[in-house]
Protein chains: 2
Amino acid sequence: MTRRFLGLDPGLRTTGWGVIDAADNRLRWVADGVVRSDETLSLAERLAQLLRGVTEVVASYRPDAAAVEETFVNRNPASTLKLGQARGAVIAALGAAGVMVTEYTPNSVKKTVVGAGHAGKDQVEFMVRRLLPGCLALTPDAADALAVAICHAQNNSGMARRIALAAASR
Amino acid sequence: MTRRFLGLDPGLRTTGWGVIDAADNRLRWVADGVVRSDETLSLAERLAQLLRGVTEVVASYRPDAAAVEETFVNRNPASTLKLGQARGAVIAALGAAGVMVTEYTPNSVKKTVVGAGHAGKDQVEFMVRRLLPGCLALTPDAADALAVAICHAQNNSGMARRIALAAASR
């Protein structure tokens, strides 16, 4: 049985997204991209752009489940609020479309994808490319989104072994 | 010319809302209430409930403009994130419905409604009742929402004088 996973990296300016299919012990890249909001518009219009963009991604790819990274909250409170607002629009879009959303800590995503909880962004992007051949035009935001999707697939379909093997063969 | 204002007090558990009409130097209460999310559901489902609830309020009352209070960010970061997410769903709903949203600091709301930036919640509720006769079944969340709506009306239709007079006659 193939299950389709949508990963998201929410942000007000750009929200990365990535869709993968998981069947038995195989992962397949389907699509990735970013939803952008126009910085010249008001906050309400920008959040509406995220809402519409994510709604369109869900309508186009019909994922069985979605995942987002849990957010660091020990940073600048104003940034936390801003990011929270972007996350609210993104997660509300998923909820309104009836998609279940699971949250993963950044460390658990890295551990699943790279094999180390404190891996750098470059390592994550490298492993995403290795695990999902074909996603050539990868932006950093989409890479993060695909990493979360891989993490969720691993937690939902017993594919820990395949990913661990791939990580070991780096 | 009558202009209709929607005020909102976003929160994940309950989002207060209030609608008022402003014509020349008169304010009129139209409706108020709260959008609740079900605490037993997932975050995505709860944010979708806020999204739907606010969308329904806008569809029912067709406000010309909306306003929300700016949020204190110097509190618990986890609370800031949670509130940010609720605000994101609420403000995205307004943006998607094409409603302009203005933010006011809590102090400017209190100053407009009560005449003092450091007024207590009771004073705000008292003045909201006085300025808007008829809103009898007022919940605290709806009172805050109506206070923001009054603040926005005052800033949009030269009714500062009437409110200042009412405050002075307390």
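Modeller: Start with α1(A) and α2(B). Their axes cross at roughly 95° and come within 7 Å. Angles of 65 to 115 degrees count as roughly perpendicular, so α1(A) and α2(B) are roughly perpendicular to each other. Bear in mind that this is a predicted model.

From α1(A), which spans residues 43-61, the contact takes Leu43(A), Ala44(A), Glu45(A), Leu47(A), Ala48(A), Leu51(A) and Arg52(A). Facing them on α2(B) are Gly88(B), Ile91(B), Ala92(B), Gly95(B) and Ala96(B). By class, the residues of this contact are eight nonpolar, two polar and two charged.

Now take α2(A) and α1(B). Helix α2(A) covers residues 77-96. Its axis lies 7 Å from that of α1(B), and the packing angle is about 95°. These two helices, α2(A) and α1(B), are therefore roughly perpendicular to each other. Here α2(A) supplies Gly88(A), Ile91(A), Ala92(A), Gly95(A) and Ala96(A). Helix α1(B) brings Leu43(B), Ala44(B), Glu45(B), Leu47(B), Ala48(B), Leu51(B) and Arg52(B). The contact of α2(A) with α1(B) again divides into eight nonpolar, two polar and two charged residues.

Next, the whole interface. Chain B places 25 residues in contact with 25 residues of chain A. Together the chains bury about 1,900 Å², and carbon and sulfur atoms give 78% of that area. On the chain B side, Ala44(B), Val73(B) and Leu81(B) lose the most area to chain A. Those three account for 23% of what that side buries.

What about polar links? The rule finds four residue pairs in polar contact across the interface, both residues at pLDDT 80 or more. Salt bridges between chain B and chain A number zero.

Which elements of chain B form its side? At least two residues each come from α1 (43-61), α2 (77-96) and β5 (101-104) of chain B. The largest share is that of α2(B), with 13 residues. By class, the chain B side holds 15 nonpolar, six polar and four charged residues.

One last point on charge. Side chains of opposite charge can pair when their charged atoms come close. The search over all chains of the structure finds 10 salt bridges. One of the pairs is Arg4(A) with Asp21(A), at 2.7 Å from N to O. Arg4(A) sits in strand β1 (residues 2-9) of chain A, and Asp21(A) in strand β2 (residues 14-23) of chain A. The two are 17 residues apart, so described as linking distant parts of the chain.

Notes: Residues numbered from 1 in each chain as written. Chains lettered and ligands numbered in written order. Predicted model: local features only at pLDDT ≥ 70, side-chain atom pairs only at ≥ 80, totals over all residues. Heavy atoms only, no water. Contact = heavy atoms within 4.5 Å. Buried area = accessible area lost by both parts, 1.4 Å probe. Salt bridge = Lys/Arg side-chain N within 4 Å of Asp/Glu carboxyl O. Polar contact = N/O pair within 3.5 Å; in protein donor to acceptor, adjacent residues only side chain to side chain. Helix = DSSP H or I, 4+ residues; strand = E, 2+ residues; numbered from the N terminus. Nonpolar A, V, L, I, M, F, W, Y, C, P; charged D, E, K, R; others polar. Axes fitted to C-alpha atoms, helices over the stretch in contact; angles between N-to-C directions. Parallel < 35°, antiparallel > 145°, perpendicular 65-115°, else oblique.
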